[in-house]
Amino acid sequence: MKPIFSSRDVYRDQALWSRPADSAAAFQAALQDLRRRQQAFACLAVTERTRLLLELAERLAVRREALSAMICEEVGRCLPECRAELDKSIDLIRYYARLAPELLARKTIATQASLSAVAFEPLGVVFSVMPWNYPVWQILRFAVPALCAGNACMVKPAPTVGRVTAALFEVIGEDLPLQAAWLAHEDVEGAIAACDALAFTGSARTGRHLAALAGKYLKKCVLELGGSNAFIVLADADIDAAARDACHSRFRDAGQSCNAAKRLIVVPEIAEAFVEKLLQCCRDLQAGDPMLPETTLACLHLPDAAQQLQSVVDDALAHGAKCLSGGCIPSDGAYYPATVLDHVATAARAAQEEVFGPVAAVLRAHDAEHAVALANDSPFGLGASIYSADVEGAWALARWLQVGSVFINRHTSSDLRLPFGGVKASGFGRELSEFGLYEFVNVKSYWQK
């Protein structure tokens, strides 16, 4: 059988690992066994469930270096970025282990009843389809709160990161009802129908398809889709800090992150100074072997990614943009250079699509209100940043941004303590924080006469 899951060393272009998909029948058999495990797991006290998760955190800490190296090879991200993914995943487990007992406790509500309350009970088995760019973090980000609530989880990994996924599930072991689903794409509908809820992180195109399937079978779903985050720099901003943050946010992980700054929106008073400082930061980026500490611009993960980026750049130039750095495929096809496009038109693909790679689009706004209008002129609504010395004014502008999160004087990121998710084509539902914990529970009311 042709291997559907196939990993390669992105930098060296060498095959690492492969395996065929499991049959739909094998998945159904595994699902039946997982349902039995979920029922027993849900009967445990929440403190016992979190104890098992804390043990997983300790095992991940022991395997931190090995898993980080696997991610570096398979995804192509710089090794320090991969270590940061493991560290954040471990912190996530410890965060929910600390808070889940309180958040999941039954809450008494005063009514005319002698006793009335709300309980947070598991839905059953949550099926997930996960992306390649953060192969440990993305799985655990949805699974850990779902497990705290007493659910079980089945995870279909991305086809290109099977080796690190298999290694992760070896670390997870048998104590937790969390396992991989090595399914072919055509068997995903059957999995959605057979499970109790769906979590998906990936493109808006695939998200629409999976949301339609979840709707067909009336399954609760959470979709964390693409982003084209606006990075607004106003006239009174700290230009040095804004340029450094813009460079870091746009070009870290080779720009292959949904939550990166992608559209840099600047007002006339500071536009030229900001662009020049941004270019200075870009010149310090160094492409190379992602395992080496001096490398700061990572590889592209997918073989055709450079060609896709080039088509976006060419389209922007055809719409009148100016290419100030990068903008062409180098001889080493594993990379695309840090590219800055200035005077990008709103009709250009770079302004309307999610550009998944190291290409920054600079849009010129007339003033602060126009900057907000440009930020909202996008199908996506994941996050946005506003840089300004007038914090009160920035908060006032933030109200009008059609996004799931606004960061003031900082680039967009995710914080364990705050809900993460978007609006419009960036999806719906939330992960992280208490709100992420409540996504995959049955909020059940009790009333006693």
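This is a predicted model: local features need pLDDT of at least 70, side-chain atom pairs count only at pLDDT 80 or more; totals for chains, interfaces and linings use all residues.
The secondary structure of the chain comes to 15 helices and 20 strands. The radius of gyration is 23 Å, close to the 22 Å that the globule rule gives for 449 residues, so the chain is as compact as a globular protein of that length. Along its principal axes, the C-alpha trace spans about 65 × 60 × 40 Å. Of the 449 residues, 55% count as buried, and the chain exposes about 18200 Å², of which carbon and sulfur atoms supply 54%. When contacts with a separation of 6 or more are considered, 71% of them are accounted for by residues 24 or more positions apart.

The surroundings of Leu-178 can be described in more detail: leaving aside its neighbours within four places in sequence, Leu-178 is in contact with Leu-34, Leu-140, Ala-143, Leu-147, Cys-153, Val-155, Phe-169 and Ile-172.

Among the strands, an open sheet of 3 strands has the order β3-β4-β20, with antiparallel pairing. The edge strands of this sheet are β3 (107–108) and β20, each of which pairs on one side only. In general, the strands of a sheet pair through backbone hydrogen bonds, either parallel or antiparallel. Strand β4 (residues 115–122) is joined to β20 by 8 bridges, and these two strands run antiparallel. One of the residues involved is Pro-122, whose bridge partner in β20 is Val-441.

The loop between α15 (433–437) and β20 (441–448) holds Glu-439. This residue counts as buried because its relative accessibility is 13%, which is under the 20% limit. Beyond its neighbours within four places in sequence, Glu-439 is in contact with Lys-220, Val-222, Gly-429 and Arg-430.

At 77% relative accessibility, Leu-218 counts as exposed.

Turning to charged side chains, the count of salt bridges comes to 29. In one of them, Asp-289 pairs with Arg-12, the closest N and O atoms being 2.8 Å apart. Asp-289 lies in the loop between α10 (271–283) and α11 (305–318), whereas Arg-12 lies in the loop between β1 (5–9) and β2 (14–19), so the pair ties together parts that are 277 residues apart in sequence. Asp-289 is buried, with a relative accessible area of 11%, while Arg-12, at 38% relative accessibility, counts as partly exposed.

A further salt bridge is formed where the side chains of Glu-174 and Arg-37 meet, at 3.9 Å from N to O. This pair also links distant parts of the chain, with Glu-174 in the loop between α6 (162–172) and β7 (178–180) and Arg-37 in helix α1 (residues 24–43), 137 residues apart. Glu-174 is exposed, because its relative accessible area of 65% is over the 50% limit.

Glu-73 forms a salt bridge with Arg-163, and the closest N and O atoms of this pair are 2.6 Å apart. Here the distant parts that are linked are both helices, since Glu-73 belongs to helix α3 (residues 64–75) and Arg-163 to helix α6, 90 residues apart. Glu-73 is partly exposed, with a relative accessible area of 22%, whereas Arg-163, at 16% relative accessibility, counts as buried. Finally, salt bridges that share partners join Arg-64, Glu-65, Arg-83 and Asp-87 into one network.

Definitions and conventions:
Residues are numbered from 1 along each chain as its sequence is written. Side-chain values use heavy atoms; hydrogens and water are left out. Helices (H or I, at least four residues) and strands (E, at least two) are DSSP runs, numbered from the N terminus. Buried means under 20% relative accessible area, exposed over 50%, partly exposed in between (1.4 Å probe, protein chains only). Contact means heavy atoms within 4.5 Å. Two strands pair if DSSP finds at least two bridges between them. The radius of gyration is taken over C-alpha atoms; the globule rule is 2.2 Å times the number of residues to the power 0.38. Accessible areas come from the Shrake-Rupley method with a 1.4 Å probe; for residues, only the protein chains shown count as cover. A salt bridge is a side-chain nitrogen of Lys or Arg within 4 Å of a carboxyl oxygen of Asp or Glu.
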